[in-house]
Number of protein chains: 2
Amino acid sequence: MPSPKDHVKAIVFDVFGTVVDWRGSTIRELTSFGRGRGITIAWDKFADDWRGLYQPSMEEVRSGRRPFAILDDLHRESLLKLLANHKIVTIEPHEIEHLVRIWHRLQAWPDMAGGLARLGTRVITGTLSNGNVGLLTRLAKHNGLPFDVILGAETAQAYKPQPAAYLRSAALLNLQPHEMMLAAAHNDDLAAAAKAGYRTAFIVRPGEHGPGIVKDLKAEHAWDVITDSCHGLADAMGCRPA
Amino acid sequence: MPSPKDHVKAIVFDVFGTVVDWRGSTIRELTSFGRGRGITIAWDKFADDWRGLYQPSMEEVRSGRRPFAILDDLHRESLLKLLANHKIVTIEPHEIEHLVRIWHRLQAWPDMAGGLARLGTRVITGTLSNGNVGLLTRLAKHNGLPFDVILGAETAQAYKPQPAAYLRSAALLNLQPHEMMLAAAHNDDLAAAAKAGYRTAFIVRPGEHGPGIVKDLKAEHAWDVITDSCHGLADAMGCRPA
């Protein structure tokens, strides 16, 4: 029976939450940094607040109120705000950079490397993230993730969920939107991708958020694939077992 | 003894000639196509003429006489000119695309996959080619080349040897030019990269051109590394043997 999946030539992944555990990784690194510097605050809350400034900071770009800026720069600005709120004022520039670069070292979910290797035998695999190219390249390398290509907001010069982020990424691969599939742990990202003509794969990541956040714990639409790991996606795409 | 190579954090490769044998590959595919269609012309000459239109077609973009266009489109325009010159007029659109896509399937020199794997243990590896992202992604995948990132004229929106092609590629990796190294089989590419602040590695590829072309058979400057294979570059960078 033919399926919309039959025409998929590239699968691109949302990254923060879908590919990597941004929350666990940032809490670990912030806590370790705080311990070394003798700064005892609730670093898990700090991590959530930092991530909380993610959408508002991108919205400044999406709205046209400021020119395109890469995520590293938005992360740095958000960090400086939070440090000021906490009256943490003795941090050196190289320490700021160390903290901004936490996002270049996030740890991948354990199914990603193996699942990507399987998918890569059938389709082009890539990122489609709001992270910048340098961040995504280091993150993939740090985790041994065999992406074929690094795409995202910086290569599209548009932040998801703007249509241009999806459409320009397809064009960069000489593909039509219906030949692209987005894999993501977030229903709103998939909805925007579907609207742009993409196929969709929902990978539920119940461990993404901290206690009390009940978001994206299930598929909110009949996405083309609904699964709980990259291996599940590889199975659905008919890839051979590892 | 410290060396300029000590600061290199990413090595990016010129592709046509340096990584892949464009001439052997295009001649083979064109000849096979001609045999299937009963068109007997000197396909080796045709391949050289096609490549001969490469620089003039990019110069239209570099000069500002036309807006940025990806290499696939320049390749297609050059091909149509040559087919018209040869009075070959019965070619179908899907055949044109098949021929344009020859450049997505070029064969890599045999030392590339192994040499890149070694380099990847020490630095970020990538392309820095005038090819477009879709072309380079397929070419790397076709040959099993483990590049960490696909960069080039399309991501920089500038064709080498324009300085922007080198400078924007460094910026995409959050690196300073002196942290970048270009590996290329062409002295003029290396000269432009060096002028932009890059480190340089010359990989001589005597098999790139056909008989009678005596170009780039030796290093014309004291490049940081001078070698004859990607393994030689890995040795020079202090990578462990495979």
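**Exercise 1.** Determine the handedness with which α4(B) passes α5(B), then the class of their angle and the residues that meet.

*Solution.* α4(B) passes α5(B) in a right-handed crossing, the near helix being turned clockwise from the far one by less than a right angle. This is a predicted model, in which local features need pLDDT of at least 70 and side-chain atom pairs pLDDT 80 or more, whereas totals for chains, interfaces and linings use all residues. Residues are numbered from 1 along each chain, chains are lettered from A and ligands numbered from 1 as written, and side-chain values use heavy atoms without hydrogens or water.

Next, the axes of α4 (residues 71-85) and α5 (residues 93-100) of chain B come within 10 Å and cross at roughly 120°. α4(B) is therefore oblique to α5(B), a class left over once angles under 35 degrees (roughly parallel), over 145 (roughly antiparallel) and 65 to 115 (roughly perpendicular) are set aside.

Finally, with contact meaning heavy atoms within 4.5 Å, B:Asp72, B:Arg76, B:Leu79, B:Leu80 and B:Leu83 in α4(B) meet B:Ile96, B:Glu97, B:Leu99 and B:Val100 in α5(B). These residues divide into six nonpolar, no polar and three charged.

**Exercise 2.** Decide whether A:His75 is buried or exposed, and list its contacts beyond four places in sequence.

*Solution.* A:His75 lies in helix α4 of chain A. Its relative accessibility is 4%, so A:His75 counts as buried (under 20% relative accessible area, with exposed over 50% and partly exposed in between, for a 1.4 Å probe and protein chains only). Leaving aside neighbours within four places in sequence, A:His75 is in contact with A:Trp50, A:Tyr54, A:Trp103 and A:Leu135.

Note on methods
Axes are lines fitted to C-alpha atoms, for helices over the stretch in contact, and angles run from 0 to 180 degrees between N-to-C directions. Helices (H or I, at least four residues) and strands (E, at least two) are DSSP runs, numbered from the N terminus. Ala, Val, Leu, Ile, Met, Phe, Trp, Tyr, Cys and Pro count as nonpolar, Asp, Glu, Lys and Arg as charged, and the others, Gly among them, as polar.
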